[in-house]
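Welcome! Here are some exercises to work through with the model open beside you. Try each task before reading its solution.

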Amino acid sequence: MPKHKIAPSLLAADFTRLREEVEMVNNSVADWLHLDVMDGRFVPNLTFGMLIVEAVRQLSTKPLDVHLMIVEPERYVGAFRQAGADVITVHYEACPHLHRIIHQIKETGAMAGVALNPHTPVGVLENVLEEVDLICLMSVNPGFGGQKFIYQTLSKVRHLREMLTTLNSSALVEVDGGIGLQNAEVILRAGADVLVVGSSVFGSRDPAATIATMKALNESWL
């Protein structure tokens, strides 16, 4: 069984059919369901908050991977955990006290993730890598779905994988943005563990089959 995880992003779903879209993910071989929370301040878009996360928690049988693209995330960590988040990821760029919020997340019982924007080098996480459970490398500029993959991200994935190997860390490397069947394999080859997939899944003719194809990618080269 492939070890990498597939996390369909709800942002790309049809919200007029939210129950059906979540049930499709439930019935697929996806590992997580990814939810992008945007506040219109940290990123130039608004999406949804705790109420949608709570509603999706009632529908979903998959762990909820909640990505907070917001300012002052420390104010809302507890509320998102209570709403049903299993993984809570905050942005390095939004957290002047990153070490503190990582431990705040872990104290709730959720996995603690840190996301990096495309321009942010992975070296900034050197002093917290042993504390985190997941590092999310944005492969598009955060704020909107449907963007093209930034291929410079591959070198960041390789660099981060080297850093984690040196530390003998079990932290997961997640890549988020512009991922589809045309580039999923090369991203996994670079060292990714979790692929966040949006429009390439929800916009396909058979979303569950697309998820299965990505999940079944040969890992003999990893």
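## Exercise 1: Aromatic pairs

Phe48 is buried, at 11% relative accessibility (buried means under 20% relative accessible area, exposed over 50%, partly exposed in between, with a 1.4 Å probe and protein chains only). A word on the ground rules: this is a predicted model in which local features need pLDDT of at least 70 and side-chain atom pairs count only at pLDDT 80 or more, while totals for chains, interfaces and linings use all residues. Residues are numbered from 1 along each chain as its sequence is written, and side-chain values use heavy atoms, with hydrogens and water left out.

**Task.** Find the aromatic pairs of the structure and classify each one.

**Solution.** 

1. Start with the rule: rings of Phe, Tyr and Trp (its six-membered ring) pair if their centres lie within 6.5 Å; planes under 30 degrees apart count as stacked, over 60 as edge-to-face and the rest as tilted.
2. By that rule the structure holds two aromatic pairs.
3. Phe15 and Phe48 are 6.0 Å apart centre to centre with 35 degrees between the planes, which makes a tilted pair.
4. Helices (H or I, at least four residues) and strands (E, at least two) are DSSP runs, numbered from the N terminus.
5. Phe15 is partly exposed at 36%, whereas Phe48 is buried.
6. The rings of Phe149 and Tyr151 have centres 4.7 Å apart and planes at 80 degrees, so this pair is edge-to-face.
7. Phe149 is buried, with a relative accessible area of 9%, while Tyr151 is partly exposed at 45%.

## Exercise 2: Cysteines

**Task.** Decide how many disulfides the structure has.

**Solution.** 

1. A disulfide is a pair of cysteine sulfur atoms within 2.5 Å.
2. The cysteine sulfur closest to that of Cys95 belongs to Cys136 and is 13 Å away, too far for a bond.
3. Cys136 is in no disulfide either, as its nearest cysteine sulfur is that of Cys95.
4. The count is therefore zero disulfides.

## Exercise 3: The packing of H1

**Task.** Which residues of H1 are buried, and what do they pack against?

**Solution.** 

1. The buried residues of H1 are Leu18, Glu21, Val22, Met24, Val25 and Asn26.
2. They pack against E1, E2, H2, helix H7 (199-202) and helix H8 (207-215), where contact means heavy atoms within 4.5 Å.

## Exercise 4: The whole chain

**Task.** Describe the overall build of the chain.

**Solution.** 

1. The chain has eight helices and eight strands.
2. A compact globule of 222 residues would have a radius of gyration near 17 Å, and the chain agrees with its 16 Å. The radius is taken over C-alpha atoms, and the globule rule is 2.2 Å times the number of residues to the power 0.38.
3. The C-alpha atoms fill a box of roughly 45 × 40 × 30 Å along the principal axes.
4. Of the 222 residues, 52% count as buried.
5. Among contacts with a separation of 6 or more, 66% come from residues 24 or more positions apart.
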